[in-house]
Amino acid sequence: MGTVAFLGLGNMGSGMAANLVKAGHTVRGYDLNAAAISALVGQGGQAADSVESAVAGADAVVTMLPAAGHVRGAYRDILASAKAGAILMDCSTIDVQSARDVVAAAAEKGFAMVDAPVSGGVAAASGGTLTFMVGGTPEAFSAAQPYLAQMGKAVIHAGAAGAGQAAKICNNMLLAICMIGTCEAFALARKLGLDDQTFFDISSKASGQSWSMTSYCPVPTAPSNRGYEGGFASALMLKDLRLAMTAAKGAGAATPLGAEAEQLYTLFEGLGGGGKDFSAILKLLDGSWSR
Ligand code: NAD
């Protein structure tokens with residue numbers, strides 16, 4: 001086992017870094033938030049006081065940061081301080097072009113790097129059951145795969161640099177559209193006199209079945225049964241939809257339902273729903289939403 005630098009110890013990164021500790025690595029963590037670094041130390045990791053000190057001498061670098069600006073900024077420092085031969089993995093969700101740019105900048109300095117965004121939320125991050133969608137050369141994928149496998153249940157090579165981000169935003173655009181469709185159907189079923197459980201029992205065994213229905217609506221473990229707290233925040237879904245719409249424009253792809261989903265989540269965020277799980281869009285659709 002080697003030394004891994006982990007930058008970005010937030011909701012997702014904290015659990016991912018802890019799993020690398022459990023796998024036997026020396027994990028050196030850095031975050032702008034000192035409490036996040038202390039939490040990693042409590043789980044057996046080491047504290048770093050800068051990007052440079054986290055990265056110096058590490059065999060691998062993992063970043064789990066909020067957005068593209070953070071990733072571009074962090075890699076300016078990482079590429080200046082990482083040791084030759086270190087494998088670089090960005091697991092943040094960012095736009096395809098930024099992912100390609102950062103991987104190209106790494107390659108110019110001789111580093112193998114992958115974009116490796118994840119599917120699965122905070123529970124999957126701490127449980128080590130994430131799905132990684134990986135973009136990069138076959139050599140970079142081979143070098144990254146053992147580390148990613150210690151944090152997830154599936155590690156899939158999607159193609160060249162940026163392909164992991166492409167897969168991520170296409171998947172999440174589909175998820176948003178499915179969720180809105182599922183919620184629309186439940187809202188209509190209620191107005192037509194069907195109760196939620198009856199409609200669920202029928203549609204989950206009929207052609208309307210989807211992950212949004214069977215995992216979210218209205219099964220007992222779903223956020224809908226705990227005030228839509230936890231889960232995957234509507235604001236994060238909106239971020240992913242915006243990335244998808246930017247990518248669609250750049251690629252000349254027609255995504256009318258993706259555009260509609262972006263509009264609905266923009267409206268929901270404006271009405272104060274950004275912090276609620278994305279399945280709370282049901283309340284916007286059935287008219288029961290209030291701040
Ligand atoms: P978060 O805001 O909880 O964590 C991000 C962390 O990065 C914060 O602790 C912040 O202090 C730190 N940070 C910011 N800039 C930094 C820098 N320059 N150096 C070091 N640390 C820095 O976010 P999160 O929920 O952990 O999400 C991280 C990424 O994962 C995002 O791109 C998000 O879209 C993606 N994602 C999140 C989920 C989810 O359910 N939360 C699921 C899949 C993907």
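The buried residues of helix H2 pack against helix H1 (13–22), strand E2 (26–30) and strand E3 (46–47), where packing rests on contact, meaning heavy atoms within 4.5 Å. Helices (H or I, at least four residues) and strands (E, at least two) are DSSP runs, numbered from the N terminus. The model is a predicted one, in which local features need pLDDT of at least 70 and side-chain atom pairs count only at pLDDT 80 or more, while totals for chains, interfaces and linings use all residues. Residues are numbered from 1 along each chain as its sequence is written, and side-chain values use heavy atoms, with hydrogens and water left out.

Helix H2 covers residues 34–42, and its buried residues are Ala-36, Ile-37 and Leu-40; buried means under 20% relative accessible area, exposed over 50%, and partly exposed in between, with a 1.4 Å probe and protein chains only. Viewed down the axis of H2, these buried residues fall within an arc of 100°, so they line one face of the helix, the arc being that of the directions from the helix axis to the C-beta atoms. The face of H2 turned away from this buried side carries the exposed residues Ala-34, Ala-35 and Gly-42.

Strand E1 (residues 3–7) contains Thr-3, which is buried, with a relative accessible area of 17%. Leaving aside residues up to four places away in sequence, Thr-3 touches Thr-26, Arg-28, Ala-58, Asp-59 and Ala-60.

For the protein as a whole, the secondary structure comes to 13 helices and 9 strands, and 50% of the 291 residues count as buried. The C-alpha atoms fill a box of roughly 65 × 45 × 35 Å, taken along the principal axes. With 291 residues, a compact globule would have a radius of gyration near 19 Å, and the protein has 20 Å, which agrees; this radius is taken over C-alpha atoms, and the globule rule is 2.2 Å times the number of residues to the power 0.38. Among contacts between residues at least 6 apart in sequence, 62% join residues at least 24 apart.

In soluble globular proteins, nonpolar side chains tend to be buried together. A nonpolar core is a set of buried Ala, Val, Leu, Ile, Met, Phe, Trp, Tyr and Cys residues joined through side-chain atoms within 4.5 Å. The largest such core has 59 residues, and those with the most contacts inside it are Phe-6, Met-16, Ile-78, Leu-88, Phe-132 and Leu-148. Helix H4 (residues 68–81) supplies the largest share of this core, 6 residues. A second, separate core of 33 residues includes Cys-183, Leu-238, Leu-243 and Trp-289. Returning to Phe-132, its contacts, not counting residues up to four places away in sequence, include Met-16, Cys-91, Leu-148 and Ile-156.

The buried residues of H12 are Gly-258, Ala-261, Glu-262, Leu-264, Tyr-265 and Phe-268. These residues cover an arc of only 165° around the axis, which puts them on the same side of H12, whereas Pro-256, Gln-263 and Gly-270 are exposed on the other side. The buried residues of H12 pack against helix H8 (163–191), helix H11 (234–251) and helix H13 (281–285). H12 is followed by Gly-272, whose phi is positive, near 95°.

Side chains of opposite charge can pair when their charged atoms come close. The structure holds 6 salt bridges, a salt bridge being a side-chain nitrogen of Lys or Arg within 4 Å of a carboxyl oxygen of Asp or Glu. Arg-190, Asp-196 and Asp-286 are linked in a network of them. Arg-190 counts as partly exposed at 36% relative accessibility, and Asp-196 is partly exposed with a relative accessible area of 22%.

Glu-229 forms a salt bridge with Lys-276, the closest N and O atoms being 2.5 Å apart. Glu-229 lies in the loop between helix H10 (211–216) and H11, and Lys-276 in the loop between H12 and H13, so the pair ties together parts that are 47 residues apart in sequence.
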